[in-house]
Amino acid sequence: MPQRLGFGQTFAPIMYQAEFRDGAWGQGQLLPYGTIVLDPASKVLHYAQSVFEGLKAFRATHDRAVIFRPALNWERMNRASRRMLMPELPRALFMEALYALTAHCEALMPRSSGESLYLRPIMFGTQPTLGLAASDTFSFLVIASPSQAVASGPLRVIVERKRARAATGGTGDVKASGNYGASLRATADAAASGFSQPLWLDSVQHRYVEELSIMNFFAVVDGMLLTPALNDSILDGVTRRCVIELAIGAEIPVRECRIEIDELLALIEAGRCTEAFACGTAAIVAPVSAIGDGDGRIFELAQPLGLMSQKLRQDLLDIQEGRTEDRFGWLQSIPDQYYPAPS
Ligand SMILES: *Cc1c(COP(=O)(O)O)cnc(C)c1O
């Protein structure tokens, strides 16, 4: 294994695959990791009939690997499939894929804090015809990547005043692959002006904060934790839910509400918004140190490294890595039958 793992760069030597044809999912199996063959006319390549998920398995201090809240990813993947006119995955198939892959990867799972086995389920239409219609055949694959947390030094985000990540009535609330390619131009422009990422606003009024390209957004105002209320252009993140549940458990007041960008910037200037952070499976919880605006103004947060966000990140990692009790029942262990037979 390389000295620096990075994120999503090294892949386990096995993957899981199942195929959908004639209206049903076939038996899935573990295979050697490798290239797949696609007909150039495959629907996914032309019309992006494709959805994905991202979740982690942890070894850390645990005796055996555990998978973090996989049922939420299963539900979310099926919500995406319904939106994209794709077949749903039976719970047993989704879980078997994660269990079998993780069990077979246990020996190569990193154990340092912040490291995990990142699991990436994907599903896409493979029918080789060009009519704009749903595919009638699909591939479901799960690949695994021993990873570090995505580099989460403080983020400097820039308010994206013109473009939108996801439209009202669109597919922003599901992990449909096309959403992500569509966000890249704004990310490149943010980088060119010295920022890490765009901060997306709503697509209608360009007025309310939504999220980052692959992370949800929180701000601390007057000691209260605020996050944009979910709508059909915000992704319902598992980490977002965890942060809310951890905050409630720690008696930190939390509100899901509309956050007007100009009001938020004024609250930073007035010293009432002291901290902001982003969260997602890959980066866990990452502080936002500054928010830039298109007119060149930069709003520096009083707590650029985050106080509340550091505590929430640590609380979450302590549960994931087994240093504190799994008091919410978030860790899913793997049934014995999925482990390879001892030789
Ligand atoms: C995946 C994703 C998130 C974070 O979701 P998690 O379940 O916490 O990983 C946030 N926003 C977008 C747009 C995403 O795609």
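A pocket, as the word is used here, is an open set of grid points with protein on both sides within 12 Å along at least five of seven lines. Keep in mind that this is a predicted model.

**The pocket and its ligand**

With that in hand, the largest pocket holds about 690 Å³ of space. Its lining runs to 38 residues, and Arg120, Ser213, Ile214, Met215 and Ala282 sit closest to the centre. Several elements give two or more residues to that lining: strand 7 (115-125), strand 8 (138-148), helix 5 (184-192), helix 6 and strand 14 (273-280). Strand 8 gives the most, with three residues. Sorted by class, the pocket lining comes out as 19 nonpolar, 14 polar and five charged residues.

So what takes up the space of the largest pocket? The ligand does. There are 15 residues around the ligand, and Lys175, Tyr180, Glu211, Thr239 and Thr281 come nearest. This shell splits into five nonpolar, six polar and four charged residues.

| Residue | Protein atom | Ligand atom | Distance |
|---|---|---|---|
| Glu211 | polar side-chain atom | nitrogen | 2.5 Å |
| Thr239 | side-chain N or O | oxygen | 2.6 Å |
| Val238 | backbone N or O | oxygen | 2.8 Å |

Taken alone, the ligand would expose 380 Å², and the protein buries 98% of that. Two of the residues in the table, Glu211 and Thr239, are also among those that come nearest to the ligand.

**The enclosed space**

How many cavities of 30 Å³ or more does the structure hold? There are two. About 110 Å³ of space lies in the largest cavity. Its lining is made up of Gly54, Leu55, Lys56, Phe68, Asn73, Val238, Thr239, Gly280, Thr281, Ile284, Leu316 and Gln320. Strand 5 (55-58), helix 6 (238-249) and helix 8 (308-320) are the elements that give two or more residues to this lining. By class, the cavity lining has five nonpolar residues, six polar ones and one charged.

**Where the two meet**

Val238 and Thr239 line the largest cavity, while a backbone N or O atom of Val238 lies 2.8 Å from a ligand oxygen and the side chain of Thr239 places an N or O atom 2.6 Å from a ligand oxygen. Thr281 is another one: Thr281 lines the cavity and is listed among the residues that come nearest to the ligand. Helix 6 likewise gives two or more residues to the pocket lining and two or more to the cavity lining.

Conventions
Residues numbered from 1 in each chain as written. Predicted model: local features only at pLDDT ≥ 70, side-chain atom pairs only at ≥ 80, totals over all residues. Heavy atoms only, no water. Near = heavy atom within 4 Å. Polar contact = N/O pair within 3.5 Å; in protein donor to acceptor, adjacent residues only side chain to side chain. Areas by Shrake-Rupley, 256 points an atom, 1.4 Å probe, with all protein chains shown as cover. 1 Å grid on protein atoms, 1.4 Å probe; cavity = no way out; pocket = protein on both sides within 12 Å on 5 of 7 lines; lining within 4 Å. Sits in = over half its atoms within 2 Å of the grid points. Nonpolar A, V, L, I, M, F, W, Y, C, P; charged D, E, K, R; others polar. Points joined across faces, edges and corners; volume = space filled by probe spheres on them. Helix = DSSP H or I, 4+ residues; strand = E, 2+ residues; numbered from the N terminus.
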